[in-house]
Amino acid sequence: MPAPFIRIRGLTKHYQMGNTIVRALDGLDLDIEAHTFTVVMGPSGSGKSTLLYLLGGLDRATSGEISVDGARLDQMDENALALFRRRTMGFVFQSFNLIPSMSALENVAFPMQFAGVTPAQRSLQARTLLGQVGLDNRADHRPNELSGGQQQRVAIARALVNNPSLILADEPTGNLDTSSGGTVMQLLSDLHNAGRTVLVVTHDPRMTRFASHKIFLLDGRQVSEAEYQSAALESAQAS
Ligand SMILES: Nc1ncnc2c1ncn2[C@@H]1O[C@H](COP(=O)(O)OP(=O)(O)OP(=O)(O)O)[C@@H](O)[C@H]1O
Ligand SMILES: [Mg+2]
């Protein structure tokens, strides 16, 4: 059997805080197949963002293995990791992370300058990507001249710049109302249907309807949906 697209074994991320150790991830084993849409759910502090950052090579694990598309991220040096990240992954964050002084078009075109693309090509490709997220008519708007949902769509267009096979999104709808959140999830779902592998962290149970797979985290470990639900119920009763 071929290896899964994402393979995680014994993954831990520990933080030493004075005399205590925070176990953000505490021995995670995970297989995720290519072309799936996986939703990661879990209460605040359960390790969702930590998982996404490690998968994206934005941070280093304390121990354990992470492979993406057959490549061992945990064995790469910083340069190899940066290159791999740029070729393989696109990131979408809750807070959009757009550059305020740049137009939508410039925001999308910006990362292409590191890939040696000419300015004319950058602008052409950025326009095409903005078209794909339905924002052809907002190319010249700056972030503060766009709605939250539109800003997130610009961020998604930017994430697509290097045609990544893996899209990682950390609460992409967290700052959006239900309707624009739905549009953003639909867009991520379209990317999945176009053949990409998508991994989305979300608090919002409504977003799971787009998912082909669900992962539940509690205290840095994977749990079953039933364990997750009963923990959620307990914490609701306690508050
Ligand atoms: N730099 C850090 N130093 C110390 N502890 C950290 C650090 N980053 C995260 N943690 C801790 O690790 C745990 C997991 O954090 P993480 O950000 O992955 O949670 P999360 O599931 O994304 O939560 P949320 O839903 O609130 O975003 C938390 O208990 C957090 O306090
Ligand atoms: Mg988080």
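How do the residues of the shell around ligand 1 divide into nonpolar, polar and charged?

## The shell around ligand 1

They divide into 4 nonpolar, 7 polar and 1 charged; here Ala, Val, Leu, Ile, Met, Phe, Trp, Tyr, Cys and Pro count as nonpolar, Asp, Glu, Lys and Arg as charged, and the others, including Gly, as polar. This is a predicted model, where local features need pLDDT of at least 70 and side-chain atom pairs count only at pLDDT 80 or more, while totals for chains, interfaces and linings use all residues. Residues are numbered from 1 along each chain as its sequence is written, and chains are lettered from A and ligands numbered from 1 in the order in which they are written.

Among the residues surrounding ligand 1 are Tyr 15, Val 22, Lys 48, Ser 49 and Thr 50 (the C-beta atom, placed from the backbone, lies within 6 Å). Strand S1 (6-17), strand S2 (20-32) and helix H1 (48-55) each give two or more residues to this shell, and H1 supplies the largest share, 3 residues. Helices (H or I, at least four residues) and strands (E, at least two) are DSSP runs, numbered from the N terminus.

## Helix H1: enclosed

Because 6 of its 8 residues are buried, H1 is largely enclosed by the rest of the structure. Buried means that 20 or more other C-beta atoms, placed from the backbone, lie within 10 Å of a residue's own. The buried residues include Lys 48, Thr 50 and Leu 51. After H1 comes Gly 57, with a positive phi near 70°.

## Helix H7: in the open

Helix H7 (residues 225-238) has 1 buried residue out of 14, so it lies largely in the open.

Notes. A residue is buried if 20 or more other C-beta atoms lie within 10 Å of its own, exposed if 12 or fewer, and partly exposed in between; C-beta atoms are placed from the backbone.
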